[in-house]
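Hi,

Here is the structure I promised to pass on. Please open it first, then read my notes below.

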Amino acid sequence: METVKLTIDNRQVEVPSGTTIYKAAKLLGIDIPVLCYMDLGDMNIENKPGGCRICVVEVEGRRNLAPSCSTNCAEGMVVKTHTMRVINARRTIMELILSDHPKDCLTCAKSGNCELQDMAVKLGVRNIPGQEYAEMSTYKTDFSPSIIREMDKCIMCRRCETMCNTVQTVGALSAVNRGFTAVVAPAFEQDLEKSPCTYCGQCVAVCPTGALTEVDSTPKVIRALADPTKTVIVQTAPAIRAALGEEFGMAPGTLVTGKMVAALRQIGFDHVFDTDFAADLTIMEEGTELLDRLTRHLNGDKKVKLPILTSCCPGWVNFFEHNFNDMLDVPSSAKSPQQMFGAIAKTYFADKMSVKREDLVVVSVMPCLAKKYEAQRDEFKVNGNPDVDFSISTRELAHLIKEFNINFADLADEDFDRPLGESTGAAVIFGATGGVIEAAVRTAYEVHTGKKLPKMDFNELRGMEGIRSATIDFDGLPISIGIAHGLGNARKLLEDVRSGKANYHAIEVMACPGGCIGGGGQPLHHGDSSILKARAAAIYREDAEKPIRKSHENPYIQKLYEEFLGKPMSEKAHHLLHTHYFDKGNKDVFI
Amino acid sequence: MAKVKSLADLKKMKEQLQSKVDLREKGEDPESRVQIKVAMATCGIASGAKTVMDYFLEELDKRSIDAVITQTGCMGYCYAEPTIEVKLPGQEPVVIGYVDVKKADEIIEKYIKNGELVDGIIPMNYNTIDNQ
Amino acid sequence: MHMLVCGGTGCRASASDAIVETLNSELAAKGMENEVQVIMTGCFGFCEKGPIVKILPDNTFYTQVTPADSAEIVAEHIVKGRKVNRLLYTDPENKEHISDSKHMGFYKKQLRIALRNCGVINPENVEEYIARDGYQAIGKVFEMGAQATIEQMKKSGLRGRGGGGFPTGLKWEIASKNHADQKYVVCNADEGDPGAFMDRSILEGDPHSVIEAMTINGFCIGATKGLVYIRAEYPLAIKRLQIAIDQAREYGLLGKDILGSGFDFDIELRYGAGAFVCGEETALIHSMEGERGEPTVKPPFPAESGYLGKPTNVNNVETFANIPVIILKGAEWFSAIGSEKSKGTKVFALAGKINNVGLIEVPMGTTLREVIYEIGGGIKNGKKFKAVQTGGPSGGCLTEKHLDTPIDYDNLLAVGSMMGSGGMIVMDEDDCMVSVAKFYLEFTVEESCGKCSPCRIGNKRLHELLERITKGEGTMEDLDRLRNLSHVIKDSSLCGLGQTSPNPVLSTLDNFYDEYVAHVTERKCPAGQCKSLMQYVIDQEACVGCTACARNCPVNAIAGDRKKPHVIDTSICIKCGACIEKCKFNAISIQ
């Protein structure tokens, strides 16, 4: 490999050519401050527009200061990162950015978790000269079912654009206007709701300030808890337990399932259930649908649509409703686990408890912001009453725990309630990319072949590659499986399917990079892929430790079918657990 | 139009075109041919060069003066637009600024017909590469 | 016979009207009024030695003529045919009298290379271009070969005329060395400086020169496609360029196998929407690609990765217009013109408080004084010269002490301004330099793309500070802030726009600091331009107490008893000027 030698702050370093000054400095332990820069690690995507200019350094012989995040090292370069000139520029730029940023930090959703705030501290900004006559940019706050855009707080780092356009290829956000009024927004500064936004929340996950935040549903949850006429139950998605600990200073990958259950009980939920239960149910329905389509296909039915696409991920559902509206009959009709849970809770469970539907409040804790939108979809309501009343993110749950004076770290482990709290290892792995399809394979294999699985771990389906494919031997029948996570990868895979270039029997798609563990509602990971990997490892660890690891062996699922649903894909199951999709057009085409 | 196939073709074409221009300038009846160039860049047109050009086309025809009227680009005298260049046969070209219809009439009657200069002449103040 | 009397503003001020009168009466006295005609002309541009009288047809050029000289001129020159030697121009070097203006050094001040065909040929007729050696340069280039042509370009010393001044030959060489299946030649015709129109004039007057040069460029770097990025606000230039392209295709001078060389080249037009920043080459390329027109960090330079990621050479219109002549006349011929480091000529759009507003082309190294006083005919209305602003909205304001600076890239940079694309705006004693700086900042605030924070927010803050100062609200600290902010914006902005936008502030601070201080400490605008700083005052001695002013004041700001001096309450006065108009005693003044 070709290398270059250079000097940074009087110290020599040799780096591969093409390395930026910022990264070379890092090798020397020099932390040049960066604000707009974002490194998505293994995805090999960097956001380095060179826009904020906080990372400028002095390069000998160069007329002006160089942005270290986007300037490559050159042989013999002499770089200085903390001269008077640099410090003055950096501080002045920071003062400029702050001069156009609201000062209501005390009540900002990002307070204490704001990169701009941290930078102001690091650079020692103590006052903003001329603030009293500095005009500030003002934009209308945009409320959507999942995401709030408060663009007065936007610093034009453009990370959200990178996520929305480069990573997710959704194309809802881009810079509009010029000069002082330049801002990131949907085309024509429309509301997010009128854009092709999928509410995946990846923009929120990378926003360094409070410009993009989730809709906070905790006040509504608190009000419901305080209402003596309501029975309030909670479901928690598989990915929560692998990340919630981070909000309380624990290392990424710490499993906090037991503490989480204990905390939810202390908060006052009447029953603490697990979305994993519904994940097992999803496998029953989706797995059966897969086998049904597969059998019909093998029997020569030309009308059957293959591959079957998973439909657990609401961001993904929104995405294909916008972008693949010619393929609406391809995804599985199975509802997502969140919605299956809601549907069962407000029928089967409500009946069991003799609670009226209106008096049962279902709260979900999701790693996801699109779940908020999903819960509000009209088709998931009965007489206006939603199956899932409120969906809160992992971050919102952490706030709730703190607000309820709970010392999370010291909690003793507790168990989920029955019957909707029992789950298998297959359900837990829903949280990581490839997990849903692995869970489906475990059940489909045994149902199809009638034989016991020789091994439980399908390592060929795991990993962090954006697009993966594997062939699983169903006792002589090769089943071809595709996996994509991140909507950009999903688009690629689906376009190949649409054009006939790729042939699969089943495809799993997760909108967020890494799957739900990297969801838009999770503790912020700032693109650090090692955090994602640790969370995934935790998920697979929990799976391995579970006594039951196949969905169809979940005794409470078996009981649910016996007592209530009949069999998978029965008429009742179809009514409660399946849905249909809508053509939302490609709204980014305005002309 | 046949395509120009080589540099030699191009040079031949240039010679022909130049002699055509020369002919136009030194023609058999040199006393009767007048050349007028109207500066028709955006600046000229904005100040009324189009009207002036139309006027010359119409009036010279009406007054039976054999003249070649062409448009050309900006001469650089933006302060005095519209500007025109009048070249009487065998004489140095003269640039006249602030030309409107009234002035154009004066130019035809005084300068073109009788060789009397009119007010508003802009002295040429630059060198060209042709003189180098 | 004709006698031409200069009727330029300068000569008129020194009695050229009277000269016409006396010449006419002298001629009448000699009975020659019918043979000799006295004509008043436009400015000869030699105001220093005015008034000028030129006699035709013998081209005798008399300088500093007075009405008293008329008799002698008529008696000697007209009647006896003898030149009046004492009125002839004396060559400053050899002290000889020169009678013929064609031999005077003064008329060599302007040299038209880029503008050689403008105002000479009919731009809509390719044959007129061919008649003036058009397209012979491309023929010569085919014979010389690409390598030798690039060598010629390098030897010529031609530098980019768009503002940057990068050596054109070197730019071509870099683009030629990058290998790719497709390369592009781009002509930057996004002329955005307010008041600058040299590129438009070239495209309107001589479009084929640009087409020919782009073809040469294509051949040299191995590109077969050319694109002209032209502002949609230039309809005539677009029309003429399109006609020229069509004609060139018809004559086989564009398209396949040009002049039997086997080389293919064609040109397409792309329209810009008039964003100033799109003149920056990376922003221009993004705009052509259909992306947001904002610059990206260089490297990579377009020569490596430009339009659609392919090696691209971008030159501006004026640069291209020089090229065919350089090829035909040779690098030595070209490099003999101009200054040591800046070869050839530069076209300027001369504007502002100057008599001969217009388009001029002078060899590099010509002084500002020569341009302003000799070619430009001096300051309008006999006012005093105050400053000249070169380089468009982000150039600096130069003063009296810079007038003898030879104009070239490096000299202008050294004195705090720049060549830019060639705007030159002259200001007189009535111009307030703080307001001038504010005016330019208004433009850059409007035209910043908003990508980097120093330019997006910094320029806005600079403008706000200037606004305060012109309103009399500024402090001495504000002046320090202005300077620091300007330096930081220049030092840390992403592209040329921000790196130069504070130039008007810094150069006026350097050259007119007293004027700033007057605004701040005395709350006075020395040039009398800043309305907020003006005060209407009634001279207590001159006022007779007629009450006319008080009766006409629309806001009742004037008080006083009849027949006693009145006073204006400046806190109420709206500075409308009604009182001054009504006062018959000149008792009211603005201070």
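Start with contacts in chain A. Take those between residues at least 6 apart in sequence: 74% of them join residues at least 24 apart. Keep in mind that this is a predicted model.

Next, the make-up of chain A. It has 18 helices and 22 strands. Of its 591 residues, 54% count as buried.

Now its dimensions. The C-alpha trace of chain A spans about 75 × 60 × 55 Å along its principal axes.

Then look at where chain B meets chain C. Here 42 residues of chain B are in contact with 49 residues of chain C. Several elements of chain B each supply at least two residues to its side: α1 (7-26), α2 (42-46), β2 (67-72), β5 (121-122) and β6 (127-128). α1(B) gives the most, with eight residues. Sorted by class, the side of chain B that touches chain C has 23 nonpolar residues, 13 polar ones and six charged ones.

Last, find the strands that link these two chains. β6(B) is joined to β7 of chain C, residues 111-112, by two bridges. The two strands run parallel. Zoom in on B:T128: its bridge partner in β7(C) is C:R112.

Best wishes

Methods
Residues numbered from 1 in each chain as written. Chains lettered and ligands numbered in written order. Predicted model: local features only at pLDDT ≥ 70, side-chain atom pairs only at ≥ 80, totals over all residues. Helix = DSSP H or I, 4+ residues; strand = E, 2+ residues; numbered from the N terminus. Buried ≥ 20, exposed ≤ 12 C-beta atoms within 10 Å, placed from the backbone. Contact = placed C-beta atoms within 7 Å. Nonpolar A, V, L, I, M, F, W, Y, C, P; charged D, E, K, R; others polar. Pairing = 2+ DSSP bridges.
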